[in-house]
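Take a look at the sequence and the structure below.

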Amino acid sequence: MDGAVGLRNVGSHCSISEMDDYDLSRLLDKPRLNIERQRSFDERSLSELSIGLTRGCFDDTYSPGGRSGLDTPVSSMRTSFEPHPMVADAWEALRKSLVSFRGQPVGTIAAIDHQSEEVLNYDQVFVRDFVPSALAFLMNGEPDIVKNFLLKTLHLQGWEKRVDRFKLGEGVMPASFKVLHDPDRKTDTLIADFGESAIGRVAPVDSGFWWIILLRAYTKSTGDITLAETPDCQKGMRLILTLCLSEGFDTFPTLLCADGCCMIDRRMGVYGYPIEIQALFFMALRCALVMLKHDAEGKECIELIVKRLHALSYHMRNYFWLDFQQLNDIYRYKTEEYSHTAVNKFNVIPDSIPEWVFDFMPTRGGYFIGNVSPARMDFRWFALGNCVAILSSLATPEQSMAIMDLIEARWDELVGEMPLKICYPAIESHEWQIVTGCDPKNTRWSYHNGGSWPVLLWLLTAACIKTGRPQIARRAIELAESRLLKDGWPEYYDGKLGRYVGKQARKYQTWSIAGYLVAKMMLEDPSHLGMISLEEDKQMKPLIKRSSSWTC
């Protein structure tokens, strides 16, 4: 490749409008959604941010892929920013990770670490790992790679999926797939993993949600609604959501999940109703709602989505949200309440509140806790779930700002020297033995147990831009730029401050590379946020206070 690492020239094109400012209660009466090309709420609001960019207001129709004839990244042409020297290296590394199937690029492998003796499954294309790569290519005006990936994983969804003698649900998306090249026969073969080969044999609950979110990002970026409207994509969305919306014994609108079903794919005590899955579920529901056709099959699914969104938003905003006042209320809870007027509805014992959270919680700020289930609240902070809550508008505007206040107030704990802590705090000693089963990879302040993951930089940046706090993202990006390239783009960092390259971290981890690129491109051109952000639904019921029967 040449010095510009093969970034290709692309033409200018428009994005479709943001179709998320709907009234859920009225949506069912609409025979068909008319998608117009206009600025979204996020695009309009972003033009009003004082973020120190040289650009003025955004045009009525922006051009995510627009660029000059120079062979430079799209994002670097939008402002007077000089591209950081790391950008060219990152693009070159990202392109080296591309995987082709029968001559067409279909994804990026997890890592290209030539120093590692064990490949394990790092040579596969993971659905969740590919998301930041896909966004980088979309922002650079290269949507074909993303389209190929969406269609190939959709094809894999149709495969019969078995773990031992048990057949998985029809809508399950693969965690990953691998392309086997046979140079003698000149054939390519796909091998997919739906959890039957994964550590712990857990199906990836998040894969289907990320697929729907990425389909909407592709549609939003390109303005091409034909892909989402194909019968196969419509069926794929319905199959994914059917798994989640079917009736059962649940008394909550949240999804019950096993440990290891998402980015935290090892035993870490996130079984139950983890915030990451609930936030992705909410976002996928909203994305599907604007892409599903109002035909006979789609209308039934839409009705279920609308009902679930109302219940899920109420539940999450009330029972998962924690700030100073709510913590004080829980601390004073009465227990063993019975009847519908109960305040302590989950019968949480105040003595179970961990000591660290009292010092961690600032006077201003708040976050969605890790898990809520009968007699159990996991007070840990999880970065991905809280950032997605902001982007999907699961968090109210006030809650979104409170999350950013918390990040600023607890910068050393949540960001430290390398963004961003996947969760906080780490579990250790006897608790670590019980919760992780003495997992040697998830020791304290390492990997999923309080490790720092550079890939989360793109989610933090998107959340910062949406809340009008780009200075937080800029500070985090500068921290990452001081180490990432020099350290060889590690998968994660260890230590309370994220100072050390992870003890088992792979180098040239693709989503660390792509996450940095996406963060840089979004900060330089905030209109990119539109493809991964949903505005608040004005008609969604606001935060409702707890029962007035509770008294001090």
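How far is the sulfur of Cys257 from the closest cysteine sulfur? The closest cysteine sulfur belongs to Cys261, and the gap is 4.2 Å. The model is a predicted one, and the count of disulfides in it comes to zero.

Cys257 is buried, with a relative accessible area of 10%. Cys438 is partly exposed, and its relative accessible area is 39%.

**Aromatic rings**

Now turn to the rings. A search of the whole structure turns up 22 aromatic pairs. Two of them are set out here.

| Pair | Centre to centre | Angle between planes | Type |
|---|---|---|---|
| Tyr424 and Trp445 | 5.8 Å | 40° | tilted |
| Trp489 and Tyr516 | 5.7 Å | 50° | tilted |

Why does the pair of Tyr424 and Trp445 count as tilted? The planes of the two rings stand at 40°, so the pair is tilted. An angle under 30 degrees would count as stacked, and one over 60 as edge-to-face.

Where do these two residues lie? Tyr424 is in strand E11 (residues 423-424). Trp445 is in the loop between helix H15 (429-436) and H16. The pair therefore ties together parts that are 21 residues apart in sequence. Both Tyr424 and Trp445 are buried.

The pair of Trp489 and Tyr516 also links separate parts of the chain. Trp489 sits in the loop between helix H17 (470-481) and strand E12 (493-494). Tyr516 sits in helix H18 (residues 510-524). These parts are 27 residues apart in sequence, and the pair ties them together. Trp489 is buried, at a relative accessible area of 0%. Tyr516 counts as buried too, at 0% relative accessibility.

Rings can also form a cluster. Tyr424 and Trp445 belong to one aromatic cluster with Trp356, Phe360, Tyr367 and Trp381.

**Charges over rings**

The charged end of Lys161 sits over the ring of Phe194, 5.1 Å from the ring's centre. Lys441 lies over the face of Tyr447, and the distance to the ring centre is 4.3 Å.

Lys96 gives another view of a lysine. Lys96 lies in helix H3 (residues 85-96). Is Lys96 buried or exposed? Lys96 is exposed, with a relative accessible area of 57%. Lys96 and Ile109 are 13 residues apart along the chain, and their C-alpha atoms are separated by 9.2 Å.

**A cavity and its lining**

How many cavities of 30 Å³ or more does the structure hold? It holds six. The second largest cavity has a volume of about 90 Å³. Of the 13 residues that line this cavity, the closest to its centre are Arg128, Trp210, Leu384, Trp458 and Trp511.

Three helices each supply at least two residues of the lining of the second largest cavity: H4 (127-139), H6 (205-222) and H16 (457-466). Helix H4 gives the largest share, three residues. What kinds of residue make up this lining? Ten are nonpolar, three are charged and no residue is polar.

Terms used
Residues are numbered from 1 along each chain as its sequence is written. This is a predicted model: local features need pLDDT of at least 70, side-chain atom pairs count only at pLDDT 80 or more; totals for chains, interfaces and linings use all residues. Side-chain values use heavy atoms; hydrogens and water are left out. On a 1 Å grid over the protein atoms alone, a cavity is a set of points where a 1.4 Å probe fits but cannot get out, and a pocket is an open set with protein on both sides within 12 Å along at least five of seven lines; lining residues have an atom within 4 Å of a point. Grid points are joined across faces, edges and corners, and a volume is the space filled by probe spheres set on the points. Helices (H or I, at least four residues) and strands (E, at least two) are DSSP runs, numbered from the N terminus. Ala, Val, Leu, Ile, Met, Phe, Trp, Tyr, Cys and Pro count as nonpolar, Asp, Glu, Lys and Arg as charged, and the others, Gly among them, as polar. A disulfide is a pair of cysteine sulfur atoms within 2.5 Å. Buried means under 20% relative accessible area, exposed over 50%, partly exposed in between (1.4 Å probe, protein chains only). Rings of Phe, Tyr and Trp (its six-membered ring) pair if their centres lie within 6.5 Å; planes under 30 degrees apart count as stacked, over 60 as edge-to-face and the rest as tilted. A charge sits over a ring if NZ of Lys or CZ of Arg is within 6 Å of the ring centre and within 35 degrees of the ring normal.
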